[in-house]
Amino acid sequence: MTNCSCKISCTSVAAILSVIVGVVTALLTVTGTVTLAPVFTIVAAGIAVAYFLVLLLGALFGRLGCTICKRRALTAILVGLIGVLLTAVLLLAVGFAATSILGAVITGLLLAFLTLVFASTACYVSCAADCVD
């Protein structure tokens, strides 16, 4: 059990949720229902950089991961942030057609990683609020 009061791991739920969001986004992108604006990609990269700075400051001035629950949530956040940055750079550097399969997969990955960041942050907050060290 990785959470204090739950039987299922919050980070596992976050990963499953992010996979679902990524697949749905890729399907909607390949059919042309959803198109990704470059501004959204820039905003997603900015969010990732801001998260990195907050995590860096938290690591320097406080104890971020003192329990297994917090450590797993932080690991998921970091994986999501690296994924957001890599896919955002790829989407900004290479021009894809609106309904290309590769562009849809990369767009799905971007939204999946961004969802992982937000859901894992919720897991971290839940762990910090519920757990007693």
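Which helices each supply at least two residues of the lining of the largest pocket? In this predicted model, they are H2 (38-61), H3 (68-93) and H4 (101-130). The views below take up the pocket, a helix pair and a disulfide.

View 1. The lining of the largest pocket consists of 17 residues. Leu 36, Leu 91, Phe 96, Ala 97 and Thr 107 are those nearest the pocket centre. H4 provides three lining residues, the largest share. Sorted by class, 10 of the lining residues are nonpolar and seven are polar, while none is charged.

**View 2. Packing of helix H2 against helix H4, with axes that come within 11 Å.** Two packed helices are described by the angle between their axes and the distance between the axes. The axes of H2 and H4 cross at roughly 35 degrees, and the crossing is left-handed. On the H2 side, the residues in contact are Phe 40, Thr 41, Ala 44, Ile 47 and Tyr 51. On the H4 side, their partners are Leu 110, Leu 111, Leu 114, Val 117, Phe 118 and Thr 121. By class, nine residues of this H2 and H4 contact are nonpolar and two are polar, with no charged residues.

**View 3. The disulfide between Cys 10 and Cys 123.** A disulfide is a covalent bond between the sulfur atoms of two cysteines. The count for this model comes to one disulfide. The S to S distance between Cys 10 and Cys 123 is 2.0 Å. The disulfide is left-handed because the torsion about its S-S bond is about -85 degrees. Cys 10 belongs to helix H1 (residues 10-30) and Cys 123 to helix H4, so the pair ties together parts that lie 113 residues apart in sequence.

Conventions. Residues numbered from 1 in each chain as written. Predicted model: local features only at pLDDT ≥ 70, side-chain atom pairs only at ≥ 80, totals over all residues. Heavy atoms only, no water. 1 Å grid on protein atoms, 1.4 Å probe; cavity = no way out; pocket = protein on both sides within 12 Å on 5 of 7 lines; lining within 4 Å. Helix = DSSP H or I, 4+ residues; strand = E, 2+ residues; numbered from the N terminus. Nonpolar A, V, L, I, M, F, W, Y, C, P; charged D, E, K, R; others polar. Axes fitted to C-alpha atoms, helices over the stretch in contact; angles between N-to-C directions. Left-handed = near helix turned anticlockwise from the far one by under 90°. Contact = heavy atoms within 4.5 Å. Disulfide = S-S within 2.5 Å.
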